[in-house]
Amino acid sequence: MEDVISAIATAPGKGGVAIIRISGYKALSLAEKMFIPVGKTPVCSFEPYRMYPGKIEGEGLTDFGLCVYFKAPASYTGEDIVEFQCHGGESIARAILQRTFLLGARIAKKGEFTKRAFLNGKLSLSSAEGVADMINAESQAEARAGYLLYSEKLTKKVQALQAGLKTSLAKIDVFIDYPEEAADDAEIENNELRSSLRTLSDELIALLKSYDAGKKIKTGVTVAICGKPNTGKSSLLNRLLGYDKAIVSELAGTTRDAVEGAIEIHGKKFNLYDTAGVRECGDRIENIGIERAEAIIRSADLAVFVADIAGGVDEEDARVLEMIKDKPIIKVFNKTDLTCDDTFTDADVHTSAVTGEGITRLKELLYEKGFGASLHEAFLIEERHFEALQRAKRALERAERAVGAETLDLVAIDVKEAWDALGEVTGETATEAIIEEIFSKFCVGK
Ligand code: GDP
């Protein structure tokens with residue numbers, strides 16, 4: 001890539017330091033024209049990976065800052081990179097960026113630094129997606145999962161599967177080229193081939209399973225707080241959030257629409273929906289709220305069922321319980337401050353939205369039931385990867401069925417298809433359109 005690209009790598013707004021990043025074959029000679037190091041060491045004799053203090057010439061202003069040179073190919077993009085650290089705030093950084101343009105650089109497109117890193121073989125496509133996930137992370141868990149992706153954990157697993165498929169393909173090729181060899185022990189060879197395809201398929205299934213936790217980490221666990229009106233759902237939501245988001249009122253039917261708020265429990269995101277109290281009523285608007293509530297309850301990962309401890313469980317409560325019977329449920333008996341009666345022993349937790357009693361336990365239960373046993377390393381967090389691996393799995397299953405039943409070249413087609421689908425994850429077989437789509441989600445400067 002001949003052209004030099006530059007961009008401000010730090011977020012807009014006021015800050016202590018801003019970073020301007022320049023990448024390309026001529027990055028160093030460009031930097032030389034706008035940086036005067038202390039002690040007059042020429043930029044071209046800079047030792048790479050060392051910070052040099054000096055004057056940075058911007059368009060219309062000068063700043064005193066730092067300059068560092070990353071020598072190709074041991075740099076983020078795999079090309080020569082120069083970074084300037086100047087004083088924060090947008091004006092200085094923009095003036096310096098402007099000067100890089102006048103000296104021949106062009107503005108980097110969204111994610112272009114990382115795209116160059118991918119095209120120069122510095123990272124795989126899934127690793128690049130991990131970078132985007134880390135930058136866009138809204139919870140610690142998402143950032144951690146992004147880092148797992150970035151550090152090529154998934155790539156290595158996928159590459160191991162691809163290597164297994166290559167071995168099977170090589171075997172098939174030998175049998176196609178030398179049919180007399182295969183004819184001797186056809187049944188034994190077929191069994192061996194089938195069993196190695198089955199092993200690969202099992203590994204793929206295990207990987208696919210980790211998407212359950214991965215998806216929740218990425219988008220959060222969806223929790224529907226449900227129950228009949230006035231049991232304290234909105235008050236509990238406010239307690240969990242730590243601020244008043246939902247309207248609390250003694251009037252039944254106050255929460256007409258689902259209110260959403262997000263919290264983090266042990267670094268994981270939970271999207272809480274305070275659903276309209278489910279009850280028979282004539283009010284049209286309230287009924288729309290109830291319908292929406294029912295839709296949210298259906299799609300939620302987890303339901304928190306709230307009953308009033310003083311009222312016990314009646315028919316209306318039973319109707320709500322019927323609606324959520326297929327989901328993991330946390331049964332909450334609320335308003336413990338109003339009664340000493342704790343006869344409802346089947347409650348998972350007793351709470352008071354007024355005093356805060358039981359809220360910590362409720363959060364622990366949300367965490368336990370939200371992730372359950374599925375909380376191992378989430379290798380798979382991106383829908384794109386999940387979809388590609390599913391295609392690989394289907395192709396492998398077809399291949400396994402075809403062994404012995406079809407000609408070997410047909411088996412080879414399915415095995416190759418599985419290999420190609422896996423290659424979409426690492427980037428080897430990803431189309432230009434997929435690559436463009438991925439990098440368009442990045443910010444400028446990354
Ligand atoms: P929702 O209809 O289920 O969302 O119930 P709200 O949260 O709007 O609460 C209904 C009424 O019960 C309000 O007057 C709240 O102040 C009251 N309330 C909610 N939780 C508690 C609680 O734990 N203790 C007491 N004493 N009152 C509560």
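A residue counts as buried here when its relative accessible area is under 20%. Keep that cut-off in mind for the views below, which come from a predicted model.

**View 1. Helix α4 and its surroundings.**
Welcome to helix α4, which runs over residues 125–136. Its 12 residues reach 17 Å from the first C-alpha to the last, close to the 16 Å expected at 1.5 Å a residue. Of these 12 residues, 9 are buried, so α4 is largely enclosed by the rest of the structure. The buried stretch includes Leu-125, Ser-126, Ser-127, Ala-128 and Glu-129. Also buried in α4 are Gly-130, Val-131, Ala-132 and Asp-133.

**View 2. The shell around the ligand.**

Now look at individual atoms. A polar side-chain atom of Ser-234 sits 2.7 Å from a ligand oxygen atom. The backbone takes part too: a polar backbone atom of Asn-230 is 2.8 Å from an oxygen atom of the ligand. For Ala-353, a backbone N or O atom lies 2.8 Å from a ligand oxygen atom. On its own, the ligand has 580 Å² of accessible area, and the protein covers 85% of that.

Definitions and conventions: Residues numbered from 1 in each chain as written. Predicted model: local features only at pLDDT ≥ 70, side-chain atom pairs only at ≥ 80, totals over all residues. Heavy atoms only, no water. Polar contact = N/O pair within 3.5 Å; in protein donor to acceptor, adjacent residues only side chain to side chain. Areas by Shrake-Rupley, 256 points an atom, 1.4 Å probe, with all protein chains shown as cover. Helix = DSSP H or I, 4+ residues; strand = E, 2+ residues; numbered from the N terminus. Expected span 1.5 Å × (residues − 1). Buried < 20%, exposed > 50% of the residue type's maximum accessible area, 1.4 Å probe, protein only.
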